[in-house]
Amino acid sequence: MSGINYSEKIPNNVNLTTDRTLQRALEHWQPKFLEWWQGMGPTDFQGADVYLRTATSVDADGWATYGAVKMPDYRWGIFLADQQAERKIGFGDAMGQPAWQQVPGEYRSTLRRLIVTQGDTEPASVEQQRLLGHTCPSLYDLRNLFQINVEEGRHLWAMVYLLHAYFGRDGREEAEELLARHSGDADKPRILTTFNEPISDWLSLFCFTYFTDRDGKYQLKSFAESAFDPLSRTCRFMLTEEAHHMFVGESGVARIVERTAECLRAGKDPRAVGAIDLATIQRYLNRWYSVSLDLFGGEISSNAAQFFGAGLKGRPKEQERYEDHLALEGSYEMEVYEEGALVCRPIALRSAMNEVLRDAYVEDCEKALERWNRRLAGTGTELVLPSRRFHRGQGMFAGRFFDPAGGEIPREDFERRRDEWLPSQADREYVRSLMAHPVVEPGHFARWIAPPARGINGQPADFQYVRYNEA
């Protein structure tokens, strides 16, 4: 099943033609998706030829082809990783039983909610980023933005397929609603707060695609362990595509840091020469890291315990990394509030699954921070990750105020020093001023970002990755 059938109206590797009812339902949804893309996708670039990759199989190697494509002509479709013969549930109360090929009735509502929430993030990010093409630092970066956008669109298709195929009328209605909500809409916003945040500059984009998409990586890894086999297979292939999104984020921040480091080593004020100073970069990191931490949910969660026990969401690499797959007896040492003071207490492991996931995420972010800081060698400066207590809107630290080191402070102190720790209006205006004019000459890059180490798919740096409205 690893090959993808592109001869059909909806490319797929799920034998869609064998289920005419499902095929008709998805073909009914398809023009609505295209209408959404034209209205809410990248603004003013629908006629451009973009050097995009398109999946040709779900094999680990050689799974994509590259070529010039107009984005509305991109072949969005339904691609699941190959089914594992006799796959068993790997964790939770039903461990060892055959993986589900259909949705058990008792988990129907919960699974639908999880799939809808994941699905809602995919078009949301496209909507958040739709105006960025007009301020791109290079054609290389513009192409990377569009690659992310079309793949987020395909990830929406991945969740919509599950809703249509396994949830009947309820699923079809939810699929319609995924196109009715819009990022930042006052009446029908996206489900998760972070996906209603505006992304109005490229520093925000790179932070988002590193920190927020990395949260998405861990959510997908959790679903890849799911007892519901179609969800597991869907997410396993999504992770293959998602890796590029996180690469764009990490390498984008690294290239900005490299340009800043060049200025510092030359004894120049980065802002004086049109680059971004390290303090501003730090404030952006503080913001996007903290709002992305919120996406994991509360530190102590009965929902997380239920999801694990039911086999809906596991820990990433459950079989490889853990010996106890039931998690009934273990505990997690966690700081909790008792009588207004933080104390360390053991929490039942299942109820701490959000924090287990957050730990892995923080470790991942620390590795990237080390790589970014290597670019600052010789400058006497470095970036740091703030405490996971800082600037939190979800969990036990929400509604309380902490400095970046994690010390609790009065609200008035936080508000007084907010602009030291988080991007100020002046920061945003300065960053946007650097991006007032796009850089669209092949091989040229804005002065606030270093060129990449290599091009895409072996192409040179001066390759014309995007051609505007050419026949």
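This is a predicted model: local features need pLDDT of at least 70, side-chain atom pairs count only at pLDDT 80 or more; totals for chains, interfaces and linings use all residues.
Local features were considered at pLDDT of at least 70 and side-chain atom pairs only at pLDDT 80 or more, whereas totals for chains, interfaces and linings use all residues. Residues are numbered from 1 along each chain as its sequence is written, and side-chain values rest on heavy atoms, with hydrogens and water left out.

Helices (H or I, at least four residues) and strands (E, at least two) are DSSP runs numbered from the N terminus. Two packed helices are described by the angle between their axes and the distance between the axes. Here axes are lines fitted to C-alpha atoms, for helices over the stretch in contact, and angles run from 0 to 180 degrees between N-to-C directions. Angles under 35 degrees count as roughly parallel, over 145 as roughly antiparallel, 65 to 115 as roughly perpendicular and the rest as oblique.

Helix 5 (residues 202-224) and helix 10 (residues 353-374) have axes that come within 10 Å and cross at roughly 140°; the two helices are therefore oblique to each other. In terms of contact (heavy atoms within 4.5 Å), helix 5 contributes Tyr210, Phe211, Arg214, Asp215, Lys217, Tyr218, Gln219 and Ser222, which meet Leu357, Ala360, Tyr361, Asp364, Cys365, Ala368 and Trp372 of helix 10. These contact residues comprise nine nonpolar, two polar and four charged, where Ala, Val, Leu, Ile, Met, Phe, Trp, Tyr, Cys and Pro count as nonpolar, Asp, Glu, Lys and Arg as charged, and the others, Gly among them, as polar.

Helix 5 also packs with helix 2 (residues 108-128), the axes coming within 12 Å and crossing at roughly 160°. Helix 2 is thus roughly antiparallel to helix 5. Leu114, Gln118, Ser125 and Gln128 of helix 2 form the contact with Phe208, Gln219, Leu220 and Phe223 of helix 5. This set divides into four nonpolar, four polar and no charged residues. The crossing of helix 2 with helix 5 is left-handed.

Glutamate 242 lies in helix 6 (residues 229-265). With a relative accessible area of 4%, glutamate 242 is buried (buried means under 20%, exposed over 50% and partly exposed in between, for a 1.4 Å probe and protein chains only). Residues up to four places away in sequence aside, glutamate 242 touches Glu152, His155, Asp213 and Leu220.

A salt bridge was assigned where a side-chain nitrogen of Lys or Arg lies within 4 Å of a carboxyl oxygen of Asp or Glu. The count by this rule is 37 salt bridges. In one of them, the side chains of aspartate 93 and arginine 350 meet at 2.7 Å, N to O. This pair links distant parts of the chain, 257 residues apart: aspartate 93 is in the loop between strand 2 (64-70) and helix 2, and arginine 350 in the loop between strand 4 (341-348) and helix 10. Aspartate 93 is exposed at 53% relative accessibility, while arginine 350 is buried at 12%.

A salt bridge also joins arginine 190 to glutamate 127, with the closest N and O atoms 2.9 Å apart. Arginine 190 lies in the loop between helix 4 (168-180) and helix 5, and glutamate 127 in helix 2, 63 residues apart. Arginine 190 is buried at 2% relative accessibility, and glutamate 127 is buried at 6%.

Definitions and conventions: A crossing is left-handed if the near helix is turned anticlockwise from the far one by less than a right angle, and right-handed if clockwise.
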